[in-house]
Amino acid sequence: MKEPKIGQTSERELTVTHDKLAVSVSSGSVEVLATPVVAAMMEGVAADLAQTYLDDEFTTVGAEICVQHLAPSPEGVKVKAVAELTAVEGRKYSFSLKAFDEAGLIATGTHQRVAVRRESFAKKAAARKAN
């Protein structure tokens, strides 16, 4: 494992397409970027950043996310999500999240991920299916 660096950031971009609109994902009735898509994008970039510190046998899983969606983004605009590592406590990684479109800030949030062994976590999940 690599030593985590508090303050390190990672980012990801996407273009808002019809399949990412609130009307398309059943999260609203308007043609703007859906809040669940914003949340997933910010969570994904945090997961990418956490993974850079882990050996291949480990991954992280989302434990908590809090998102404030502040402004609408229409179809066709580019959106960028940024995750900043703010703390590491044992297996728990904490992040500050922001998302921007071409006009400015559209969302903020916080997120926590927990490092797990891939194989044992998959077995734990499969055991829940058997019950």
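# Briefing: strand pairing, burial and contacts

Ser-94 is in contact (heavy atoms within 4.5 Å) with Glu-84, Leu-85, Thr-86, Ala-87, His-111 and Gln-112, leaving aside its neighbours within four places in sequence. The structure is a predicted model, in which local features need pLDDT of at least 70 and side-chain atom pairs count only at pLDDT 80 or more, while totals for chains, interfaces and linings use all residues. Residues are numbered from 1 along each chain as its sequence is written, and side-chain values use heavy atoms, with hydrogens and water left out.

**Overall make-up**

- The chain contains two helices and five strands; these are DSSP runs numbered from the N terminus, with helices (H or I) of at least four residues and strands (E) of at least two.
- Read from the N terminus, the order of the elements is β-α-β-β-β-β-α.
- Along the principal axes, the C-alpha atoms fill a box of roughly 40 × 40 × 20 Å.
- The chain has 131 residues, and 36% of them count as buried; buried means under 20% relative accessible area, exposed means over 50%, and partly exposed lies in between, with a 1.4 Å probe and protein chains only.
- Of the contacts between residues at least 6 apart in sequence, 65% join residues at least 24 apart.
- The 16 positive and 17 negative charges have mean positions 7 Å apart. Lys and Arg count as positive, Asp and Glu as negative, and His and the chain ends are not counted; a charge is placed at NZ of Lys, CZ of Arg, CG of Asp or CD of Glu.

**Strand pairing**

- Strand E1 (residues 9-15) runs antiparallel to strand E3 (residues 78-89), and seven bridges join them; two strands pair if DSSP finds at least two bridges between them. In this pair, Thr-9 of the chain stands opposite Glu-84 in E3.
- E3 is also joined to strand E4 (residues 92-101), by 10 bridges and in the antiparallel sense. Val-88 stands opposite Tyr-93 in E4.
- Two residues lie between the strands in the hairpin of E3 and E4, where Gly-90 takes a positive phi near 60°.
- E4 continues to E5 through another hairpin, with two residues as the link, and these strands pair antiparallel over 10 bridges. Tyr-93 has Arg-113 as its bridge partner in E5.
- E5 also runs antiparallel to E2, with 11 bridges joining them. Thr-60 stands opposite Ala-115 in E5.
- Strand E5 (residues 104-117) is mostly covered, with 10 of its 14 residues buried.

**Two buried strand residues**

- Thr-60 belongs to strand E2 (residues 58-69). Its relative accessible area is 6%, so Thr-60 counts as buried.
- The side chains of Thr-60 and Arg-113 make a polar contact at 2.7 Å. A polar contact is a pair of N or O atoms within 3.5 Å; within protein, one must be able to donate a hydrogen and the other to accept it, and residues adjacent in sequence count only if both atoms are side-chain atoms.
- Not counting residues up to four places away in sequence, Thr-60 touches Ala-47, Ala-50, Gln-51, Leu-54, Tyr-93, Arg-113, Val-114 and Ala-115.
- Ser-94 is located in strand E4. Ser-94 is buried because its relative accessible area is 11%.

**The loop between E1 and H1**

- Val-25 is placed in the loop between E1 and helix H1 (35-51). With a relative accessible area of 33%, Val-25 is partly exposed.
- Beyond its neighbours within four places in sequence, Val-25 is in contact with Asp-19, Ala-34 and Val-37.
- From Val-25 to Ile-65 the separation is 40 residues in sequence and 19 Å in space, C-alpha to C-alpha.
- Ser-26 lies in this loop between E1 and H1 as well. The relative accessibility of Ser-26 is 69%, so Ser-26 counts as exposed.
- Ser-26 has a positive phi near 60°, in a residue other than glycine.
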